[in-house]
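Here is a set of exercises with worked solutions. Have the sequence and the 3D view ready, and try each task before you read on.

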Amino acid sequence: MKNKVIIIAEAGVNHNGDINLAKKLIDAAVEAGVDYVKFQTFKTENLVSKNAKKAEYQIQKTDASESQFEMIKKLELSEDQHLELKKYCKQKGITFLSTAFDLESVDFLKKLEIPFWKIPSGEITNLPYLEKIGQLGKPIILSTGMCNMQEIEHAIAVLQNQGVPKSKISVLHCNTEYPTPMQDVNLNAMQTMAQALNVKVGYSDHTLGIEIPIAAVALGALIIEKHFTLDKNMHGPDHAASLEPNELKAMVIAIRNIELALGNGIKTASNSELKNITIARKSIHLKNALSKGDIIQLSDLIMKRPGDGISPMDYEKVISKEIISHSPINYQLKLSDLK
């Protein structure tokens, strides 16, 4: 990757089951300048039972009379649609990704040769799923919504036991509420995971707006995942907590700026400010006029701009020295003026 921070635009199920809407989402992701556009792959019958209840946020944004099964079935993409979307992504110059939510879908995505696997928060306690993903030999991004540290450590151990080196595992801090209240974000937990788990970390965001993922990058996130939509007012479970295209683009620009601004961590003068050193700093000048042979006292000195003479840090090299010629008030001293 040319960028340090990987930005994943989560289209998810915001296509509403419409392939043409999915392509428009891809177009928006390309326009925003993200690294990946990601969808969700599932067989509804394998994902949810017909008795499963909806989450509160899903009830608010979808038909309250339909079940979770009925809601999700409408959002399922066929295998042919996946292939069409991957082909469209290639045409548009962006990498296609998708998250599998059941074992059959893992097998299908394996055929699509996605570059890495994203394990969603809801599957972190699904042992057969973790074992299957771990056996595939590709890098893994693990979302940790609803998790405690013990659950995360256990999931990582399962993946490692299947042959995945820790160097190939990245962990995303996440809160699985849509939208996430600010008081529940707890960004510092991302740093806690980085230190405790010794893994690369990132942040999967479900807050409103763009400031929290930007802050996450400033705190060390190397991966940012964010839901986006064409219109927050569209019917569907995730639209309201997603970014619209102009917001997604603004987030990408801000993250790239933060990425640049973080720098290499070495404290030294930058190339752009070198020219200002002599302008902003000071050097030793005479506060009083002195005649040839006068012995310089501290009271004879004043520190003034520009800073292209003797540094004030070296004033002790000047004190008690004899001046070799008459020098007026405000004269900038040189070492050659002294003996």
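**Exercise 1.** Find what volume the largest pocket has, and which residues lie closest to its centre.

*Solution.* Start with the space: the largest pocket holds about 710 Å³. Next, look at the middle: among its 35 lining residues, Gln40, Tyr57, Gln58, Phe101 and Tyr178 are the closest to the centre. A pocket here is an open set of points on a 1 Å grid over the protein atoms alone, with protein on both sides within 12 Å along at least five of seven lines, and lining residues have an atom within 4 Å of a point. The volume is the space filled by probe spheres set on the points, which are joined across faces, edges and corners.

Before going further, note that this is a predicted model, in which local features need pLDDT of at least 70, side-chain atom pairs count only at pLDDT 80 or more, and totals for chains, interfaces and linings use all residues. Residues are numbered from 1 along each chain as its sequence is written, and side-chain values use heavy atoms, with hydrogens and water left out.

**Exercise 2.** Work out which helix gives the most to the lining of the largest pocket, and how the lining divides by class.

*Solution.* First list the elements that each supply at least two residues: strand 2 (36-41), helix 3 (56-61), helix 4 (68-73) and strand 8 (223-227). Helices (H or I, at least four residues) and strands (E, at least two) are DSSP runs, numbered from the N terminus. Of these, helix 4 gives the most, with 3 residues. Then sort the lining: 16 residues are nonpolar, 11 polar and 8 charged. Nonpolar covers Ala, Val, Leu, Ile, Met, Phe, Trp, Tyr, Cys and Pro; charged covers Asp, Glu, Lys and Arg; the others, Gly among them, are polar.

**Exercise 3.** Now turn to the second largest pocket: what is its volume, and which residues lie nearest its centre?

*Solution.* Its volume is about 210 Å³. Of its 16 lining residues, Ile6, Ile141, Ser170, Lys200 and Ile223 lie nearest the centre. Strand 5 (140-143) and strand 6 each contribute at least two residues to this lining. By class, the lining has 10 nonpolar, 3 polar and 3 charged residues.

**Exercise 4.** Find how many cavities of 30 Å³ or more the structure holds, and which residues line the largest.

*Solution.* There is 1 such cavity; a cavity is a set of points where a 1.4 Å probe fits but cannot get out. The largest cavity has about 70 Å³ of space. Its lining includes Thr41, Phe42, His82 and Phe108. Helix 6 supplies the largest share of that lining, 3 residues.

**Exercise 5.** Locate Tyr178 and Pro179: is the peptide bond between them cis or trans?

*Solution.* The bond is cis, with omega near -5°. Pro179 sits in the loop between strand 6 (169-174) and helix 9 (188-197). Asn186 is found in the loop between strand 6 and helix 9 too, and its phi is positive, near 55°. Most residues other than glycine have a negative phi, and most peptide bonds are trans. Finally, Asn186 counts as partly exposed because its relative accessibility is 49%, between the cut-offs of under 20% for buried and over 50% for exposed (1.4 Å probe, protein chains only).
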